[in-house]
Amino acid sequence: MGDGPAMTLKASAQGSLAKTPFAHLLLYIQGKRLTGTLAVWPEGPNEKQGKSQDRVLFQEGGIVGMRPLEPADSAMAGVVRLFRRHEALYAFYDAQNLLGAGEGALLQRVDLYTALSRGLRDTVRDE
């Protein structure tokens, strides 16, 4: 994805999943019925320098597609993987579709509550 559009546009909101967990972001976006793209950077020591990110597209609060960094079988699978990030940076780009064209974009509706239940169950610690 490299220097995609998310790197040249001004985010309407940004932060860290350490402060605002991914599940909370999803519920906020749904509650406010926002339309735009949520970009989530990978975790790690180079997270601030990284120019690539997973991108989730919302329309009136619902997930309608995504472009995962790593290949995924479905948009649901890609979204569920994002629950594993706990310290990553994120940014929301209001009214912007930053999925881009071509291979890799998964244009599929994702039921928010199914994603929440799968994602939270997937990240529960054994202890």
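Student: Let me start with one residue. Which residue in S5 is the bridge partner of valine 40?

Tutor: Valine 40 has tyrosine 90 as its bridge partner in S5. Please keep in mind as we go that this is a predicted model. As for the general idea, strands of a sheet pair through backbone hydrogen bonds, either parallel or antiparallel. In this case, strand S2 (residues 36-40) and strand S5 (residues 89-94) pair in the antiparallel sense, with 5 bridges between them. Another facing pair along these strands is alanine 39 with alanine 91 in S5.

Student: Which residue in S3 stands opposite valine 40?

Tutor: That is aspartate 54 in S3. S2 and S3 are joined by 5 bridges and run antiparallel. Valine 40 is a handy place to look, with tyrosine 90 as its partner in S5 and aspartate 54 opposite it in S3.

Student: What is the order of the strands in the open sheet?

Tutor: Reading across, the order is S1-S5-S2-S3-S4, which makes an open sheet of 5 strands with antiparallel pairing. The edges are strand S1 (13-16) and strand S4 (62-67); each has a single partner strand, so one side of each has no neighbour in the sheet. On average, neighbouring strands here are turned by 20 degrees against each other, direction ignored.

Student: How many bridges join S1 to S5?

Tutor: There are 4 bridges between S1 and S5, and these strands run antiparallel. To find the place in the structure, look for alanine 13, which stands opposite phenylalanine 92 in S5.

Student: At what angle do H1 and H3 pack?

Tutor: The general idea first: two packed helices are described by the angle between their axes and the distance between the axes. Here, H1 and helix H3 (residues 112-122) pack at about 170 degrees, and their axes are 11 Å apart. H1 is therefore roughly antiparallel to H3, because angles over 145 degrees count as roughly antiparallel. In the contact, Ala23, Leu26, Leu27 and Gln30 from H1 meet Leu112, Tyr113, Leu116 and Leu120 from H3. By type, the residues of this contact are 7 nonpolar, 1 polar and no charged.

Student: Which residues in H2 are buried?

Tutor: They are Ala75, Met76, Gly78, Val79, Val80 and Leu82. Helix H2 (residues 75-82) is mostly covered, with 6 of its 8 residues buried. The elements that cover the buried residues of H2 include H1, S2, S3, S4 and H3.

Student: And S3: how many of its 6 residues are buried?

Tutor: In S3, 5 of the 6 residues are buried, and the strand is mostly covered. Arginine 55 has its place in this strand.

Student: Is arginine 55 buried or exposed?

Tutor: Arginine 55 is buried, because its relative accessible area is 3% and the limit for buried is under 20%. The side chains of arginine 55 and glutamine 53 are joined by a polar contact of 2.5 Å.

Student: Now for backbone angles. What is the phi of arginine 33?

Tutor: As background, most residues other than glycine have a negative phi. Arginine 33, which is not a glycine, has a positive phi of about 55 degrees. Its place is in the loop between H1 and S2. Arginine 33 is exposed, with 53% relative accessible area.

Student: Where is glutamate 60 found?

Tutor: Glutamate 60 is in the loop between S3 and S4. These two strands form a hairpin with 2 residues between the strands, and in that hairpin glutamate 60 takes a positive phi near 50 degrees. Glutamate 60 counts as partly exposed, at 47% relative accessibility.

Notes:
Residues numbered from 1 in each chain as written. Predicted model: local features only at pLDDT ≥ 70, side-chain atom pairs only at ≥ 80, totals over all residues. Heavy atoms only, no water. Pairing = 2+ DSSP bridges. Axes fitted to C-alpha atoms, helices over the stretch in contact; angles between N-to-C directions. Parallel < 35°, antiparallel > 145°, perpendicular 65-115°, else oblique. Contact = heavy atoms within 4.5 Å. Nonpolar A, V, L, I, M, F, W, Y, C, P; charged D, E, K, R; others polar. Buried < 20%, exposed > 50% of the residue type's maximum accessible area, 1.4 Å probe, protein only. Polar contact = N/O pair within 3.5 Å; in protein donor to acceptor, adjacent residues only side chain to side chain.
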